Every structure is written in structure tokens, then in C-alpha cells.
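Please read it with the model open.

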Amino acid sequence: MRRVEKPWGHEIIWAKTDKYVGKILYIKEGHRLSKQYHRSKEETIMVIEGGILLEIGDEESMIRISLKEGMSEHITPGLIHRFSAVFGSDAKIVEVSTPELDDVVRLEDDYNRE
């Protein structure tokens, strides 16, 4: 396992093979990840603690979905998305994805990352 510090919290990479990756994302209350998409990476997330606001869609039509414990969402390549812990507590999310860890195209970022 490997812990990766992030400005919004941290992630634990608990599985990594040439075919899939498993992570746990810990998002601090009031923080959010980049508004982003992936060229190749495909992922499915499930909230296991707290709740998140998921912004998802394309540049013309983003929708907001409240995800609570036990709820999941599938994110395909090219789909713009952002996770936010805005419901009064930290959030913990399990993510299972294809192995392209560096495949991130950031469109907006609260922490001035490229």
C-alpha cells in the first residue's frame, strides 16, 4: 500500500496491477478535487463514509449529484467530473479504475495545480 498526500486530503493506493488500480480517497470537509477528465482511465467510485457532491457531465451540461454512503457512480473516459466533501464532514471513497494513474486533464483546480 502507498499513501499519497493531496492538498484536499490523501489517497491510499491499496492495489495496483497492469489491469486495475484500487484506491481509497480521503477528502477533507469543505475541500474538492480538480474539475477534470481522463483520456483513457475509466473508474467507478463508491462512497463508504460521509457524502460527496459529484459534478459530472460535459462542458455544455454539468449536473450535480449528491452521493451518500453506499452509493456509486461509473465515470467513463472523457467525462468531466469533480468530487466535493461539502456535507459537513470528511468523505471516504473507494475507487476502482484502469491503471492510468497519470491520466488527469485538469480544467479547474482550487490549489493551482496544472
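In which sense do S3 and S10 pair, and over how many bridges? They pair in the antiparallel sense, over seven bridges. The points below start from this pairing.

1. Basis of the note. This is a predicted model, in which local features need pLDDT of at least 70 and side-chain atom pairs count only at pLDDT 80 or more, while totals for chains, interfaces and linings use all residues. Residues are numbered from 1 along each chain as its sequence is written, and side-chain values use heavy atoms, with hydrogens and water left out.

2. The sheet. Six strands form an open sheet in the order S1-S2-S3-S10-S5-S8, with antiparallel pairing. Strands here are DSSP runs (E, at least two residues), numbered from the N terminus, and two strands pair if DSSP finds at least two bridges between them. The edge strands are S1 and S8 (72–75), each of which pairs on one side only. From one strand to the next, the twist averages 20 degrees; the axes behind this angle are lines fitted to C-alpha atoms, and angles run from 0 to 180 degrees between N-to-C directions. As background, strands of a sheet pair through backbone hydrogen bonds, either parallel or antiparallel.

3. S1 and S2 pair in the antiparallel sense over five bridges, and a hairpin of two residues joins them. Lys 6 has Gly 9 in S2 as its bridge partner. S2 and S3 also run antiparallel, with seven bridges between them, and the hairpin that joins S2 to S3 has four residues. Ala 15 stands opposite Gly 22 in S3, and Lys 16 has Val 21 as its bridge partner there. S2 is mostly covered, with six of its eight residues buried; buried means under 20% relative accessible area, exposed means over 50%, and partly exposed lies in between (1.4 Å probe, protein chains only).

4. S10. Why is S10 described as largely enclosed by the rest of the structure? It is so described because six of its seven residues are buried. S10 also pairs with S5, in the antiparallel sense and over six bridges. In that pairing, Glu 49 has Lys 92 in S10 as its bridge partner.

5. Val 21. This residue lies in strand S3, and its bridge partner in S10 is Ser 97. Val 21 has a relative accessible area of 0% and is therefore buried. Val 21 and Gly 88 are 67 residues apart in sequence and 29 Å apart in space, C-alpha to C-alpha.

6. Ala 85. The loop between S9 and S10 holds Ala 85. Its relative accessible area is 0%, so Ala 85 is buried. Between Ala 85 and Ile 27 there are 6.2 Å in space, C-alpha to C-alpha, although the two are 58 residues apart in sequence.

7. The core. The largest nonpolar core has 15 residues, of which Ile 27, Ile 52, Phe 83 and Ile 93 touch the most other members. Such a core is a set of buried Ala, Val, Leu, Ile, Met, Phe, Trp, Tyr and Cys residues joined through side-chain atoms within 4.5 Å. S3, S5 (43–49), S6 (51–57) and S10 (91–97) each supply at least two residues of this core, and S6 gives the most, with three. In soluble globular proteins, nonpolar side chains tend to be buried together.

8. The largest pocket has a volume of about 360 Å³. A pocket is an open set of points on a 1 Å grid over the protein atoms alone, where a 1.4 Å probe fits, with protein on both sides within 12 Å along at least five of seven lines; lining residues have an atom within 4 Å of a point. The volume is the space filled by probe spheres set on the points. The lining has 22 residues, and Lys 6, Glu 11, Lys 23, Leu 101 and Val 104 lie nearest the centre of the pocket. S1 gives the most to this lining, with three residues.

9. Asn 112. In the segment after strand S11 (105–108) lies Asn 112. Asn 112 has a positive phi of about 60 degrees although it is not a glycine. Most residues other than glycine have a negative phi. With 71% relative accessibility, Asn 112 counts as exposed.
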